[in-house]
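Subject: Structure for you to look at

Hello,

Here is the structure I promised to pass on. Please open it first, then read my notes below.

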Amino acid sequence: MKLIYEARDPSEAQLVKGFLEAEEIRVIVQSGALGAVLGEMSASPETLPSVWVDEPDVDRARVIVDRFKSGELTSDVAASNWVCPRCGEALEGQFSKCWHCGTQRPAAV
């Protein structure tokens with residue numbers, strides 16, 4: 001896995017994760033659990049959440065992260081509601097997986 005993005009907070013890391021997962025890129029968010037104590041200690045790469053992807057997906061992920069950083073990619077993309085292709089559950093746009101059956105959100109949504 002390769003580091004692709006260092007987020008300011010867990011919410012931002014999850015937002016970036018959702019954008020990447022929408023493009024069927026496997027993502028892991030590391031750290032971020034120290035957010036509650038950031039007032040007690042300084043923010044650093046060790047204390048802030050980071051987003052990691054598999055090596056073959058790095059180039060595609062960088063394009064998405066660059067679009068996010070530039071403001072071109074907003075949460076409006078994630079806000080469009082979708083229907084799970086497997087079980088038919090209606091889901092709100094912020095979800096990258098079906099809560100009912102666990103199916104990933106299709107990239108075409």
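A residue counts as exposed when its relative accessible area is over 50%, and as buried when that area is under 20%. Keep in mind that this is a predicted model.

Start with Glu 24. Its relative accessible area is 56%, so Glu 24 is exposed. Glu 24 sits in the loop that runs between helix H1 (10-22) and strand S2 (27-30). The backbone is worth a look too. Glu 24 is not a glycine, yet its phi is positive, near 60°.

Now the sheet. Three strands make up an open sheet, in the order S1-S3-S2, with antiparallel pairing. S1 and S2 are the edge strands, and each of them pairs on one side only. On average, neighbouring strands are turned by 30° against each other, direction ignored. S1 and S3 run antiparallel and are joined by four bridges. Look for Tyr 5 here: Val 51 in S3 stands opposite Tyr 5.

Next, the helices. H1 lies across S1, S2 and S3. Its direction is at about 170° to that of S2. H2 also packs on the sheet, where it touches S1 and S3. The directions of H2 and S1 make an angle of about 5°.

Then the core. The largest nonpolar core has 17 residues. Seven names stand out, touching the most other members: Ile 4, Tyr 5, Val 16, Leu 20, Ile 25, Val 51 and Val 53. Strand S1 (2-6), H1, strand S3 (50-53) and helix H2 (58-70) each give at least two residues to this core. Which element gives the largest share? H2 does, with five residues.

Leaving aside residues up to four places away in sequence, Val 16 touches Tyr 5, Val 51, Val 65 and Phe 68.

On to the aromatic rings. A pair of such rings is described by the distance of the centres and the angle of the planes. There are two aromatic pairs in the structure. One is Tyr 5 with Phe 68, an edge-to-face pair. Their centres are 5.9 Å apart, with 85° between the planes. This pair links distant parts of the chain, since Tyr 5 is in strand S1 and Phe 68 is in helix H2, 63 residues apart. Both Tyr 5 and Phe 68 are buried.

Phe 19 and Phe 68 make a tilted pair. Here the centres are 5.9 Å apart and the planes are at 50°. Phe 19 belongs to helix H1 and Phe 68 to helix H2, so this pair ties together parts 49 residues apart in sequence. Phe 19 is buried, as is Phe 68. Taken together, Tyr 5, Phe 19 and Phe 68 form one aromatic cluster.

Last stop: Ser 96. Find Ser 96 in the segment after strand S5 (90-91). Is Ser 96 buried or exposed? Its relative accessible area is 17%, so Ser 96 is buried. The side chains of Ser 96 and Glu 21 are joined by a polar contact of 2.5 Å. Ser 96 touches Glu 21, Trp 82, Thr 103, Gln 104 and Arg 105, again not counting residues up to four places away in sequence.

Best wishes

Note on methods. Residues numbered from 1 in each chain as written. Predicted model: local features only at pLDDT ≥ 70, side-chain atom pairs only at ≥ 80, totals over all residues. Heavy atoms only, no water. Buried < 20%, exposed > 50% of the residue type's maximum accessible area, 1.4 Å probe, protein only. Core = buried A, V, L, I, M, F, W, Y, C linked by side-chain atoms within 4.5 Å. Contact = heavy atoms within 4.5 Å. Phe/Tyr/Trp six-rings, centres within 6.5 Å; stacked < 30°, edge-to-face > 60°. Pairing = 2+ DSSP bridges. Axes fitted to C-alpha atoms, helices over the stretch in contact; angles between N-to-C directions. Polar contact = N/O pair within 3.5 Å; in protein donor to acceptor, adjacent residues only side chain to side chain.
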